[in-house]
Amino acid sequence: MADAGKERARHWQYTELPGVDLLRARYIHKTFVRHTHENFVIAAIADGVEVFHHGGGDQYAGAGALALVNPDTPHTGRAGVPEGWRYGAVYPSPEVVAQIAAETTALRGTPGFVSPVLDDPYAAGLVHQVLRAADEGNALAADTLLRVAVTRLLRLNGGPLPRREVRSAGARIAARARAVLQERMAGPPTLEELAVELGTGPFALLRAFRDVYGMPPHTWLTDARVRRARQLLDTGVTPAEAALAVGFADQPHLNRHFSRIVGVPPGAYQRERKNVQDARGRPS
């Protein structure tokens, strides 16, 4: 593998692919903590092996395979071999995937992926071609290849996502707890304070929250803070300001958590967003 021992990553957007994030990376020691994405994850492994915890167990994706994660699904990520893994990924929004599914498949309801790993070198190659076309500014190719790739993956590994319905008392308490944490992100209560506020016990709340959202409240809150920080960075808020706005003690704390979830530091993330915004503002 070229450049052995060197990690690198680029997380960006292409103005002609709205609703889609792009990533090209090589990681060796990087460990992604448990987190979620608002968008789909379609990651094509080029070299090495990625291991990610998903659905109660570790999943392994090697060269020519794809790691596929549905929106709001908790997962992790790390190297499965000493040399790490190299991959390219596209993150289409649920709206983009639903539009493609409605036009090209027979899926009904909200579409998603059934298996988190699919061994399909052809589809993996399509993902890499999307990234190459975006790099080259070839809008027609990038849009076409993305649609072909998503269509193929949905036909091979697609199905309607089950609707998450809050029925039990525990699930309702978990939903209320999440709403409180979302609203008071910068100054959240302790677990005990939150439990008292909701009329339950701390361990009962912890169990209910894990059952519904796949992670304890403090992990969910960190994930939500990073997600909100991304939104603020997209609007031009500085990393230092974003850190305080979402409840991190300072920018170094944001940097650490942001890199362990997004894969790049917030400054690098924002620079790429600014490049896209500048491109949109230039006359054609």
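Me: What percentage of the 284 residues in the protein chain is buried?
Reply: This is a predicted model, in which local features need pLDDT of at least 70 and side-chain atom pairs count only at pLDDT 80 or more, while totals for chains, interfaces and linings use all residues. Residues are numbered from 1 along each chain as its sequence is written, and side-chain values use heavy atoms, with hydrogens and water left out. Taking buried as under 20% relative accessible area (1.4 Å probe, protein chains only), the share in the protein chain is 46%.

Me: Which radius of gyration does the protein chain have, given its 284 residues?
Reply: The radius is taken over C-alpha atoms, and the globule rule is 2.2 Å times the number of residues to the power 0.38. For 284 residues a compact globule would come near 19 Å, and the chain agrees because its own value is 19 Å.

Me: What share of the contacts with a separation of 6 or more joins residues 24 or more positions apart?
Reply: A contact here means heavy atoms within 4.5 Å. Among the contacts of the protein chain with a separation of 6 or more, residues 24 or more positions apart account for 71%.

Me: Which residue takes a positive phi in the hairpin of E4 and E5?
Reply: Strands are DSSP runs of E with at least two residues, numbered from the N terminus, and two of them pair if DSSP finds at least two bridges between them. E4 (residues 41-54) and E5 (residues 57-62) run antiparallel and are joined by six bridges, with histidine 54 opposite glycine 57. Two residues lie between the strands, and the one with a positive phi, near 65°, is glycine 55.

Notes
Buried < 20%, exposed > 50% of the residue type's maximum accessible area, 1.4 Å probe, protein only. Helix = DSSP H or I, 4+ residues; strand = E, 2+ residues; numbered from the N terminus.
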